[in-house]
Amino acid sequence: MIEAWLGTINGYLWGSILIYLLTACGLWFTWRLKGIQFRHFFHMFSLLGSSRKANSGSGSEQGEAKVPSPQGISSFQALCTTLAARVGTGNLMGVAVAISLGGAGAVFWMWLIALLGMATAFAESSLGQLYKEKDGNNAFRGGPAYYMRKGLKSPALAVTFSLCLFFGYGFVFSSVQANSITSAFYGSFGVPPVTTGIIITICAALVILGGLRNIARFAELTVPFMGIAYLLVSIAIVLLNAEAIPGIITDIIASAFGLKEAGSGLVGAAIVQGVKRGLYSNEAGMGSSPNAAAAAIPYPPHPVSQGYIQMLAVFFDTLVICSCTAFVILLSPVQGDNIQGILLTQQAFASQVGAWGSDFITVAILLFGFTSIVANFAYADNNLKYLKLDHAAGHWFLRIGFLGMLVFGSVASLPQVIAMADLATGLMTVVNVVALFLLSKVVLVISQDYHRQLQQKKVPCYRASQEQQQGFNLTAKIWSD
């Protein structure tokens, strides 16, 4: 009953609203920012070299502004935290679901939504940095709720978004991660899902009680390791089957536009599944990554630099990691055997490298999924303030509910958790994208300021002018202190 109800809402939300809204948002910012994800592609990578610096506030001889130095995380830690949330079951299970339900053409639409989503991610993360503020612990907090309240002067919209985010990241998304982990362990080792779920819940409790800085340190250590290991195995499989890749790419493009025989009926499913799973994987436009982006002390000390870092996260997530998963699945002979979810990914790898491939995916999904779980908690915890739950009882309510949903997700069916995740993703995205459209002028102004300083051979730094403070409603005046 509930599953059918969720299916009806999701069908309307994704079939009639979000596909058009997300595409329009990506096209809008790509146009207004003059194709920033393409023109400044290599600039994203150049910022990685300084992204581990948590600026201590000392100015430089090149005229950097002195920025505050509260208890924060570095841009690299913010990147790893958002990658921890992005690089999860969406990359292994989500791609398999997209191909199972939408065919090979779904991969093309995942690529397209990611390319456009890079500009959207740039906009939302730059805004998250711009409108951040210090909390009572002298640490930075920010995100869509902050730029909705301070930039749009709309506390009601901020609370609405916080409710959507709290529902998604506080309760729903982690149940999807838990479901994938427990399914993988059951498929590889026969471990009962409830047993794996309880163990995951206990481990998650030990990590999340340490707070955002503990989560950031955990992500900084695990995300690069798990990403590199997964990429190396995936790339090795692709290289060993290099002669088949051109045919697979042709198949992806042909299926995306219904050019294959009897494939035209799958075009709609390919688009919907590609956009759904692409957004769930890279989160561009959802409003999740600005929460971690705002917690960073960026270097260069300018909000736009964090926009670039988060744009890079979308590139890695979908155009690199998801593509590797898709190629391995499409190389596999098991994709048409009515196998879905993480089991399809496991069997695809096993068909290429032997039985150990299934166990490798089990370990990968454990690391991917677990880092996503703890990063999800950080996002939910960051938004307690707007729900007036930023007190001891509120924190414990989140912790207990969050951990309880991990146990639920471990024993629930895949369609159940996917349906809830699609609803939460859709609600968050609608609210956030509307705010991004309304704040697009602000994104343009700070982007122009950043690139003007680059052209003058300066290290970009941001000091809000009186006019900008008034126009951008920077009540905290973080950048002018």
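A: Let's go with Ile-248, which is buried because its relative accessibility is 9%, and the cut-off for buried is under 20%. Keep in mind that this is a predicted model. Ile-248 sits in helix H11, which covers residues 245–256.

So who does it touch? Setting aside residues up to four places away in sequence, Ile-248 is in contact with Phe-327, Leu-330 and Leu-331. Take Phe-327: it is 79 residues from Ile-248 in sequence, yet the two C-alpha atoms are 7.5 Å apart.

Now bring in Ile-252. Once neighbours within four places in sequence are left out, Ile-252 touches Ala-104, Gly-105, Val-107, Phe-108, Trp-111, Phe-327 and Leu-330. Phe-327 and Leu-330 are also on the contact list of Ile-248, and they turn up again on the list for Ile-252.

The largest nonpolar core has 137 residues, and Ile-252 is one of the three that touch the most other members, with Tyr-230 and Tyr-308. Helix H14, residues 303–331, supplies the largest share of that core, 17 residues.

Among contacts with a separation of 6 or more, 83% join residues 24 or more positions apart. The chain has 481 residues, 62% of which count as buried, and its secondary structure comes to 20 helices and four strands.

You'll find Gln-453 in helix H19, residues 440–455. Not counting residues up to four places away, its contacts are His-302, Lys-458, Val-459, Pro-460 and Cys-461.

For helix packing elsewhere, look at H8 (residues 155–189) and H17 (residues 392–411), whose axes are 7 Å apart at an angle of about 35°. Their crossing is right-handed. Among the residues making that contact are Phe-166, Tyr-169 and Gly-170 of H8, and Phe-397, Leu-398 and Gly-401 of H17. By class, the contact has nine nonpolar and eight polar residues, and no charged ones.

The disulfide count is zero. Take Cys-324, which is buried at 10% relative accessibility. Its closest cysteine sulfur is that of Cys-322, and at 9.4 Å this is too far for a bond, because a disulfide needs the two sulfurs within 2.5 Å. Cys-203, by contrast, counts as partly exposed, since its relative accessibility is 35%.

So, back where we began: Ile-248 is buried, and it touches Phe-327, Leu-330 and Leu-331.

Conventions:
Residues numbered from 1 in each chain as written. Predicted model: local features only at pLDDT ≥ 70, side-chain atom pairs only at ≥ 80, totals over all residues. Heavy atoms only, no water. Buried < 20%, exposed > 50% of the residue type's maximum accessible area, 1.4 Å probe, protein only. Core = buried A, V, L, I, M, F, W, Y, C linked by side-chain atoms within 4.5 Å. Helix = DSSP H or I, 4+ residues; strand = E, 2+ residues; numbered from the N terminus. Contact = heavy atoms within 4.5 Å. Axes fitted to C-alpha atoms, helices over the stretch in contact; angles between N-to-C directions. Left-handed = near helix turned anticlockwise from the far one by under 90°. Nonpolar A, V, L, I, M, F, W, Y, C, P; charged D, E, K, R; others polar.
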